[in-house]
Amino acid sequence: MSTNKQSRVGSKYRKLAAGAKRAVIVSRKRHGDVGQIAFRTGYSESHVSNVLHGRHENKRILNFAYNMVRGRTGNARVK
């Protein structure tokens, strides 16, 4: 049995571009997440929303949001 951690498959936020992180966050975001991110990072909800929609750049908010939704499954899209 190998204990090498290099062989694990997973997504690391340092290797993803901002647009890729944003796509993952939007696909897994739930009701109330923007308020929770705003409260924990100290920014306003409108600024957090603008960052998540790509209108502003803020790596701290983006990384916090990505870490928050990282273990979730994606939301089903209804057409």
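This section describes the helical architecture of the protein, the packing of its helices and the surroundings of selected residues.

The model is predicted. It contains four helices and zero strands, and its elements follow the order α-α-α-α from the N terminus. Of the 79 residues of the protein, 25% are classed as buried. Where contacts link residues at least 6 apart in sequence, 61% of them join residues at least 24 apart.

Packed helix pairs are considered next. Two packed helices are described by the angle between their axes and the distance between the axes. For helix 2 and helix 3, the packing angle is about 115° and the axes lie 9 Å apart; the two helices are therefore roughly perpendicular to each other. The crossing of helix 2 over helix 3 is right-handed. On the side of helix 2, the residues taking part are Val 34, Gly 35, Ile 37, Ala 38 and Thr 41, and these meet Glu 45, Val 48, Ser 49 and Leu 52 of helix 3. By class, this contact comprises five nonpolar, three polar and one charged residues.

Helix 2 also packs against helix 4, at an angle of about 125° and with the axes 10 Å apart. This pair is therefore oblique, and helix 2 passes helix 4 in a right-handed crossing. Asp 33, Gln 36, Ile 37, Arg 40 and Thr 41 of helix 2 are set against Arg 60, Ile 61, Phe 64, Ala 65, Met 68 and Val 69 of helix 4. The residues of this contact divide into six nonpolar, two polar and three charged.

Helix 3 (residues 45-52) and helix 4 (residues 59-69) have axes that come within 10 Å and cross at roughly 80°. That angle makes helix 3 roughly perpendicular to helix 4. The contact brings His 47, Val 48, Val 51 and Leu 52 of helix 3 against Ile 61, Leu 62 and Ala 65 of helix 4. Six of these residues are nonpolar and one is polar, and no charged residue takes part.

Ile 25 belongs to helix 1 (residues 18-28) and counts as buried because its relative accessibility is 2%. Beyond residues up to four places away in sequence, Ile 25 touches Leu 52, Leu 62, Ala 65, Tyr 66 and Val 69. Although Ile 25 and Tyr 66 are 41 residues apart along the chain, their C-alpha atoms are separated by 5.8 Å.

Leu 62, in helix 4, has a relative accessible area of 4% and is therefore buried. With residues up to four places away in sequence excluded, Leu 62 touches Ala 18, Lys 21, Arg 22, Ile 25, Val 51 and Leu 52. The separation between the C-alpha atoms of Leu 62 and Ala 18 is 7.6 Å, and the two residues lie 44 residues apart along the chain. Leu 52, for its part, touches Arg 22, Ile 25, Val 26, Lys 29, Val 34, Ile 37, Leu 62 and Ala 65, again not counting residues up to four places away in sequence.

Arg 72 is placed in the segment after helix 4, and a relative accessibility of 17% falls under the 20% limit, so Arg 72 counts as buried. Apart from neighbours within four places in sequence, Arg 72 is in contact with Arg 28, Lys 29, Arg 30 and Asp 33. Between Arg 72 and Arg 30, which are 42 residues apart along the chain, the C-alpha separation is 9.9 Å.

Key: Residues are numbered from 1 along each chain as its sequence is written. This is a predicted model: local features need pLDDT of at least 70, side-chain atom pairs count only at pLDDT 80 or more; totals for chains, interfaces and linings use all residues. Side-chain values use heavy atoms; hydrogens and water are left out. Axes are lines fitted to C-alpha atoms, for helices over the stretch in contact, and angles run from 0 to 180 degrees between N-to-C directions. Angles under 35 degrees count as roughly parallel, over 145 as roughly antiparallel, 65 to 115 as roughly perpendicular and the rest as oblique. Contact means heavy atoms within 4.5 Å. Ala, Val, Leu, Ile, Met, Phe, Trp, Tyr, Cys and Pro count as nonpolar, Asp, Glu, Lys and Arg as charged, and the others, Gly among them, as polar. A crossing is left-handed if the near helix is turned anticlockwise from the far one by less than a right angle, and right-handed if clockwise. Buried means under 20% relative accessible area, exposed over 50%, partly exposed in between (1.4 Å probe, protein chains only).
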